[in-house]
Amino acid sequence: MWNLADKTIESRLLLGTARYPSPLVLQDAVKASGSEVITVSLRRESAQENMSRQFWDYLLESGAHILPNTAGCHSVKEAIVTAHLARELFDTNWIKLEVIGNDDTLQPDPFATVEAARILNNEGFEVFPYTTDDLIVAEKLRDVGCRIIMPWGAPIGSGQGLRNVEALRTMRRRLPELTLIVDAGIGAPSHAAYALELGFDAVLLNTAVALADDPVKMATAFNFAVSAGRMAYEGGLMQASSRAHPSSPTVGLPFWHHEQNS
Amino acid sequence: MQIVVNGKPTDFEKPISVQDLLHRLGYLDHFVAVAVNQECVVRRNYGTHFIKAQDQIEILAPMAGG
């Protein structure tokens, strides 16, 4: 069990709910993933269709903690309003803060993200900011009150994995008091396991499961990978070495080894 | 008066409350949140917050997201 923003949960996998082939597959994938936190967005509702009611009913049924996002926002103002609407709609102070600075790379705008985080923290939100692997930005987010930082592994939806492992490792080492979650870019269970092995508290992903040939099977794989990665971190990984070391004892080798060496 | 609801120009005879707007447009049984001119209107104020001419209304609902 671990603590995420004052909630005690077991899974270290946070799962997005977009791009699944069907609502049923989404439900089965969430179950298979073991995730207890799922992300959602807000979009314009048509009066003619009431799709949101069905989606909301599912969210309630899932029993998961809801993490609304500000996806699509490009300014501090847009992000703040979206956070207010999310709080009104979902009755939660959790907000996954995304302020996009570039539509091609979906890279966050670090200046707007820090400013929006400052305002939202002052208003009592629990801000989950999506950021890059830049340590200084992470420190600024901490300085404005964030207890959780979510650096990307790689651009959203790219599936490239952890592109800058050293930067992530440094962030983990320099910010031991914060909850760090790798958000975006995870493409394979091995990427997720690696993030957990580095000491990250959790990973947040969506596309790698949603667009898999078999999303439910992939969700299961991520479930195992995240558990394995965390266990490996807690177990303490061995130090890598530049030279080989025999695993078996060299004392008491049979005579033919001595003959070969003489 | 003309207002804009989710990007579409919409006409009403006179200022109406958010509550009446949702009713008139068929949103009453929807699970939505409302912003007027980029400010969230909390549910308890739906009956007292009146929409004026040229107001920009956003009616948003939960959607899948990453």
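This is a predicted model: local features need pLDDT of at least 70, side-chain atom pairs count only at pLDDT 80 or more; totals for chains, interfaces and linings use all residues.

Residues are numbered from 1 along each chain as its sequence is written, chains are lettered from A and ligands numbered from 1 in the order in which they are written, and side-chain values use heavy atoms, with hydrogens and water left out.

**Stop one: two helices.** Select residues 23-33 and 51-62 of chain A: these are helices α1 and α2, which pack at an angle of about 20 degrees with axes 12 Å apart. That angle makes α1(A) roughly parallel to α2(A) (the label covers angles under 35 degrees). Their crossing is right-handed.

**Stop two: what touches.** Show side chains for A:Leu26, A:Gln27 and A:Val30 in α1(A); they meet A:Phe55, A:Tyr58 and A:Glu61 in α2(A) (contact is heavy atoms within 4.5 Å). By type, the contact residues come out as four nonpolar, one polar and one charged.

**Stop three: chain B.** Now colour chain B by secondary structure and look for one helix and seven strands (DSSP runs, H or I of at least four residues for helices, E of at least two for strands). Along the sequence they run β-β-β-α-β-β-β-β. The C-alpha trace spans about 40 × 25 × 20 Å along the principal axes of chain B. Finally, colour by accessibility: 44% of the 66 residues of chain B count as buried (under 20% relative accessible area, 1.4 Å probe, protein chains only).

Methods:
Axes are lines fitted to C-alpha atoms, for helices over the stretch in contact, and angles run from 0 to 180 degrees between N-to-C directions. Angles under 35 degrees count as roughly parallel, over 145 as roughly antiparallel, 65 to 115 as roughly perpendicular and the rest as oblique. A crossing is left-handed if the near helix is turned anticlockwise from the far one by less than a right angle, and right-handed if clockwise. Ala, Val, Leu, Ile, Met, Phe, Trp, Tyr, Cys and Pro count as nonpolar, Asp, Glu, Lys and Arg as charged, and the others, Gly among them, as polar. Buried means under 20% relative accessible area, exposed over 50%, partly exposed in between (1.4 Å probe, protein chains only).
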